[in-house]
Amino acid sequence: MSVPVRLLYVDDSPFDRDLVRDALEREHGGFQVVEAASRAEFEARLADGGYDLVLSDFNILGFEGLQVIDAVHAREPDVPVVIVTGTGSEEIAVAAMRRGAADYVIKTPQHIQRLPMTIHAVLERLQLEAAQARADEQLRYQAAQIAQIMRSVPDGVLLLDSGLCVQHANPVAEALLPRLTADAPGAALSALAGRPLHELLTSPPPGQWHELHVGGEVYEVIARPLAADGPAGDGWVLLVRDVTQQRLVQRQYRSQERLAAVGQLASGIAHDFNNLMGVILLYGELLGRSP
């Protein structure tokens, strides 16, 4: 069994309250209505809280529907207000909607009989809007996370559209691009470090790191389609890293390894030579003692 919609209905006309109550009671328990016939009653009932929606006449003895809208939103910002009035003035409808009313219903038998559907439609619309707001907030949160990751990645990250124009570059990539390409900002990339970009994107095997040289600097670049299944219709992601210092350290390490190997070889030769000289000296001494 569904939970009934709890309403606060504000109207100083007993006849109109009966009309609205009759229309809502046809929903067989779908609504729980709390009535207020004056400003004091409205303020007291509103303080009780727990309402899903507020219905209010536009012209009430002592105050008007616009003040009801303000009071409800000041206390319960997420509770919608529907204005129910016998005045079919477009000016009043516009004023109510601008003030924050969720809907506007004219007090005719036809419109009042459709009031339950109007209330359900308002609540469903607000639920959808709340769900969309949560989804948008989640997307903004995820986008902020991705942006933080992009800023934290030590490599340059370039997102290219299908026309090879840069759609996004993290700070590392922004610093590297002027050294790697002569293409104008916003234009499609034609080459990196003098190498045609289409070769870097299509040369096999997929996912291979390519080494680029600019003067004495060395860079590595890898390209992958943005689409997970392979086609590049959605664009490309490029990772670029400056490996100049790494290559220098590797060359120095290999040079040290070669020197160490030469030293070991020289040490071995010297050791073997010393052994041979010991044998020669021993034979020389023995020969010198012979008669």
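Which residue of β14 is the bridge partner of L160? W236 is the partner. This is a predicted model, in which local features need pLDDT of at least 70, side-chain atom pairs count only at pLDDT 80 or more, and totals for chains, interfaces and linings use all residues. Residues are numbered from 1 along each chain as its sequence is written, and side-chain values use heavy atoms, with hydrogens and water left out.

Terms used throughout:

- Helices (H or I, at least four residues) and strands (E, at least two) are DSSP runs, numbered from the N terminus.
- Two strands pair if DSSP finds at least two bridges between them.
- Axes are lines fitted to C-alpha atoms, for helices over the stretch in contact; angles run from 0 to 180 degrees between N-to-C directions.
- Contact means heavy atoms within 4.5 Å.

**The antiparallel sheet**

- Five strands form an open sheet in the order β9-β8-β14-β13-β12, and the pairing is antiparallel.
- β9 (166-169) and β12 (210-214) are the edges; each has a single partner strand, so one side of each lacks a neighbour in the sheet.
- On average, neighbouring strands here are turned by 25 degrees against each other, direction ignored.
- Strand β8 (residues 156-160) and strand β14 (residues 236-242) run antiparallel and are joined by 5 bridges.
- Helix α7 (residues 171-180) packs on this sheet and touches β8, β9, β12, β13 (217-225) and β14. The direction of α7 makes about 80 degrees with that of β8.
- β12 and β13 also run antiparallel, with 5 bridges between them.
- E211 stands opposite E220 of β13.
- The hairpin of β12 and β13 has 2 residues between the strands, and G215 takes a positive phi near 60 degrees there.

**The parallel sheet**

- A second open sheet has 5 strands in the order β2-β1-β3-β6-β7, with parallel pairing.
- β2 (31-36) and β7 (103-106) are its edge strands, each pairing on one side only.
- Neighbouring strands of this sheet are turned by 20 degrees on average, direction ignored.
- Strand β1 (residues 5-10) runs parallel to β2, and 6 bridges join them.
- R6 stands opposite Q32 in β2.
- Helix α2 (residues 39-48) lies across β1 and β2, at about 140 degrees to β2.
- α3 packs on the sheet too, touching β3 (53-56) and β6 (81-85). Its direction makes about 165 degrees with that of β6.

**Helix-helix contacts**

- Two classes of angle matter here: under 35 degrees counts as roughly parallel and 65 to 115 as roughly perpendicular, while over 145 is roughly antiparallel and the rest oblique.
- Residue classes are nonpolar (Ala, Val, Leu, Ile, Met, Phe, Trp, Tyr, Cys and Pro), charged (Asp, Glu, Lys and Arg) and polar (the others, Gly among them).
- The axes of helix α3 (residues 65-75) and helix α4 (residues 90-99) come within 10 Å and cross at roughly 10 degrees. That makes α3 roughly parallel to α4.
- L66, I69, D70 and H73 of α3 make this contact with A95, A96 and R99 of α4. The contact residues divide into 4 nonpolar, 1 polar and 2 charged.
- Helix α1 (residues 14-25) and helix α6 (residues 115-152) have axes that come within 8 Å and cross at roughly 70 degrees. α1 is therefore roughly perpendicular to α6.
- V20, A23 and L24 of α1 meet L115, P116 and I119 of α6. By class, this contact has 6 nonpolar, no polar and no charged residues.

**Charge over a ring**

- The charged end of R241 sits over the ring of W209, 4.0 Å from its centre. The criterion is NZ of Lys or CZ of Arg within 6 Å of the ring centre and within 35 degrees of the ring normal.
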